[in-house]
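Visitor: I am new to this structure, and I would like to know what lies behind the words that are used for it. Could you show it to me first?

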There are 2 protein chains.
Amino acid sequence: MLTFVGLGLFDLKDISVKGLDAVRRAEYVYLESYTSRMMGSSVSEMEAVFGKEIVLLGREDVEQHPDEVIRRARDGDVVFLTGGDPMVSTTHADLRIRAAGMGVATSIIHASSIASAVCGLAGLQNYRFGKSCSVPFPAKSWFPTTPLETIRQNLALNLHTLVYLDIQPDRYMRVGEAIAIIERMAEILETPAPSLYVGIARAGSEHPHVAAGTGELLKSVDFGPPLHILVVPADLHPVEHEYLRTFAGL
Amino acid sequence: MLTFVGLGLFDLKDISVKGLDAVRRAEYVYLESYTSRMMGSSVSEMEAVFGKEIVLLGREDVEQHPDEVIRRARDGDVVFLTGGDPMVSTTHADLRIRAAGMGVATSIIHASSIASAVCGLAGLQNYRFGKSCSVPFPAKSWFPTTPLETIRQNLALNLHTLVYLDIQPDRYMRVGEAIAIIERMAEILETPAPSLYVGIARAGSEHPHVAAGTGELLKSVDFGPPLHILVVPADLHPVEHEYLRTFAGL
């Protein structure tokens, strides 16, 4: 059996009780380490608390050479850990399909994810979110404007946008950087930049930082350590406005 | 301190380790019992495993008379349990605002939610979902068509739609009922009904049932006990198609 277990948002205590049971029962535990990060706990802390050795997998291990993981899952219990909720990334879906194709049973144990946590952190209603988007670090010859096009499409429908910020092996995009990149997209597209943002840092931790305001304001806020994420809200409902006023300094 | 703790998707083991710690530390534990249900565990099972008495709160308790909860949270540690991830419902947001208004510190401990779990269950990519909608049980004099309008708006943008199904005190909407209601909406709006659906039952349980197909086909599928939920997919990417073929009988 190959069980995909979500680690949740921030540290080793964000795993579910069911997920922890599965880890403790497993013969082999792998951790996918390239689509997201657990910022609040190191791998050695997880190994100590979970009572298991954890083998780290890079993108190539999962996408090119998943044979060992699948073979071990055919003969015993294997857990594949991921940050957040499993399967939000296509690369996990592909691994599950390959395992099934080799006759291996699979299952999923879910966990907290920024996709729903953003509602509580920012007080924005779940059913008012449109399509999400991701802002990548720009390259010299490559400056995509599709994220702002998605944001503007959502705003035209009066919908909020969850904006994922780039995670690279050596750096994490900060709220202020993302806003500056979005403002540059607005210049290129000759369209207005959003007038209101909500920046969130360390979702799921004991001390998340949530701040709402103009791009100018949020670029001057120190959100502290990663991970950061951004929301571009549509027109606020009264309760949403009151929530941001109370908990995000609007 | 008033701590909102998510119970996650299905049973008492879907709570996070962090959430369980908070419950065990709390002097009072309340359970909001009107916006969602934990189908896999009874309240008495939760009381036994969590080692705490759990006080059930109805809508009126939370929206009209939250004074006792807030007063106790001013003097000690109070946990407010909700199914899924807290704060997806406006009523929780309102309670947090009121508590803050009375000078009470609040925090959130997140948990799994169908909003992200649907990606793993159906293999549909997170960033391809548009606005979600809810299908209510129709009343004699009231048959809203807005859910299908949302679905059609998403399809026009080539986006998937997560369709929440009505939960009443005495009944839960089934996948087949929801599809029949959507097809009736299509007749009223004189627009085509969706040609493909994914039905999901018991997300988060050991045996979720996931089936993809036409409305005609899914209306004949027995999805078993609740909760049920529905997705209307847009054009499928190759990996999405392969996933539904492998795990949902497409």
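Guide: What follows is a set of questions about the terms, each answered by setting a value against its definition.

Guide: This is a predicted model, in which local features need pLDDT of at least 70 and side-chain atom pairs count only at pLDDT 80 or more, while totals for chains, interfaces and linings use all residues. Residues are numbered from 1 along each chain as its sequence is written, chains are lettered from A and ligands numbered from 1 in the order in which they are written, and side-chain values use heavy atoms, with hydrogens and water left out.

Visitor: What makes the relation of chain B to chain A that of a two-fold axis?

Guide: With the copies superposed by least squares on the C-alpha atoms of residues with pLDDT of at least 70 in both, chain B can be laid on chain A with an RMSD of 0.0 Å by a turn of 180° and a shift of 0.0 Å along the axis. That is why the relation is the one of a two-fold axis.

Visitor: How do you know that the copies meet through the same surface?

Guide: Contact means heavy atoms within 4.5 Å, and by that rule 48 residues from chain B and 48 residues from chain A take part. Of the interface residues of chain B, 100% are also interface residues in chain A, so the copies meet through the same surface.

Visitor: What is meant by the area buried between chain B and chain A?

Guide: Buried area is the accessible area (1.4 Å probe) that two parts lose on being put together, summed over both. Between chain B and chain A this comes to about 4,100 Å², with carbon and sulfur atoms giving 62% of it. On the side of chain B, the residues that lose the most area to chain A are B:Lys18, B:Ile97 and B:His110, together 15% of what that side buries.

Visitor: Why is the pair of B:Lys18 and A:Asp11 called a salt bridge?

Guide: The term asks for a side-chain nitrogen of Lys or Arg within 4 Å of a carboxyl oxygen of Asp or Glu. The closest N and O atoms of B:Lys18 and A:Asp11 are 3.2 Å apart, so the pair meets the rule. Across the interface of chain B and chain A the rule finds six salt bridges, and over all chains the count comes to 22.

Visitor: What makes A:Glu63 and A:Arg59 a salt bridge, and where do they lie?

Guide: Their side chains meet at 3.1 Å, N to O, and the pair therefore falls under the limit of 4 Å. Both A:Glu63 and A:Arg59 lie in helix α3 (residues 59-63) of chain A, four residues apart, about one turn of the helix. Helices (H or I, at least four residues) and strands (E, at least two) are DSSP runs, numbered from the N terminus.
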